[in-house]
Amino acid sequence: MPTNFQLTTAQIRNFQDKGFVTVDFALDGKLLDTIVAKVGPLYERSRGGQLLSGTRIQDAWKQVDEVRQVAVNDRVAAALEQLYGRKPLPFQTLNFPMGTTQPAHSDTIHFNSVPKGFMAGVWVALEAIDADNGPLIYYPGSHKLREYSMQSFGLGTTHVHYPEYEQRIRELIQTNKLEPEYGIMQKGTAFIWHANLLHGGAPQKDPTRTRHSLVTHFYFAGCKYYTPLYSSLWRRRYRQPFWIPATADYVLPQEPPAPMRWYKRWWMRFGLFTKS
Ligand SMILES: O=C(O)CCC(=O)C(=O)O
């Protein structure tokens, strides 16, 4: 549906200068509650029904159409097009029921494009987020640092070396004296981050609470897309993302047969396949 939604000049300047912007897209509160209710049963739980630490659902939009509706929201798309000057293409969603405590990283280690940097994350608070239920942590201005790859740090290009990448990022934050800010947000607020903004999840001080959130990752039209974590100077791991469909009447591409999926997962540990 066409929209006349526009970011303000101040919001655009904030994104350019600091690498993020918080936006109220007037997302329907009931839609967000429905997402929480419908995605809830999909999370991994202990036998006692407790959420397992680190549980998340990738691409819940395939099971819960309300997640897809947020991912393809026309106001979000208009804002991204204003910021990047290209049509945004959503390719992945992640739902979290709790704070992630994910160490700081730049999304350019997971997703990048040619030309570079045409990637963004749009994180939506599905409930109120305060200092105690694991807000986002981010480092304003860090998007202006160069893009660091595994090779920049002299690391191998497999997931096995990812903890070393995280350690190098910690050192980078200290060396550059970067100061963190926290994503304290009202329900429904969206936080758009630049592909190179250092961000992660702050500790959840109150483990009894939830921190329901939904992030959509976007590429932009007219680029080639790849996975830097599994790419070397000689060989880029290009990907062919499946764009999250704009309408509910989509047909998913066929999954490879189960043994092939197992084989792919095993070899992905060594960087020989990448997720698309
Ligand atoms: O939700 C969070 O705590 C962090 C999410 C994140 O870092 C990401 O999706 O890249």
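**Briefing on a predicted protein–ligand model**

Among contacts in the protein chain between residues at least 6 apart in sequence, those joining residues at least 24 apart account for 82%. The model is a predicted one, and its protein chain comprises six helices and 11 strands. The points below take up the overall dimensions of the chain, one of its sheets, and the surroundings of the ligand.

Overall dimensions
- A compact globule of 276 residues would have a radius of gyration near 19 Å, and the protein chain, with 18 Å, agrees with that expectation.
- The C-alpha trace of the protein chain spans about 50 × 45 × 40 Å along its principal axes, and 36% of the 276 residues are buried.

A three-stranded sheet
- Strands β7, β6 and β9 form an open sheet in the order β7-β6-β9, with antiparallel pairing.
- Because β7 (181–182) and β9 stand at the edges and each have a single partner strand, one side of each is left without a neighbour in the sheet.
- Between β6 (residues 136–138) and β7, the antiparallel pairing runs over two bridges, and Ile137 stands opposite Tyr182 in β7.

Around the ligand
- The shell around the ligand draws at least two residues from each of β3 (88–96), β9 (199–201) and β10 (213–220), and β9 gives the largest share, three residues.
- Of the 13 residues around the ligand, the ones that come nearest are Thr100, Gln102, Gly200, Gly201 and Val215.
- Sorted by class, this shell holds four nonpolar, eight polar and one charged residues.

Terms used: Residues numbered from 1 in each chain as written. Predicted model: local features only at pLDDT ≥ 70, side-chain atom pairs only at ≥ 80, totals over all residues. Near = placed C-beta within 6 Å. Helix = DSSP H or I, 4+ residues; strand = E, 2+ residues; numbered from the N terminus. Nonpolar A, V, L, I, M, F, W, Y, C, P; charged D, E, K, R; others polar. Pairing = 2+ DSSP bridges. Rg over C-alpha atoms; globule rule 2.2 N^0.38 Å. Buried ≥ 20, exposed ≤ 12 C-beta atoms within 10 Å, placed from the backbone. Contact = placed C-beta atoms within 7 Å.
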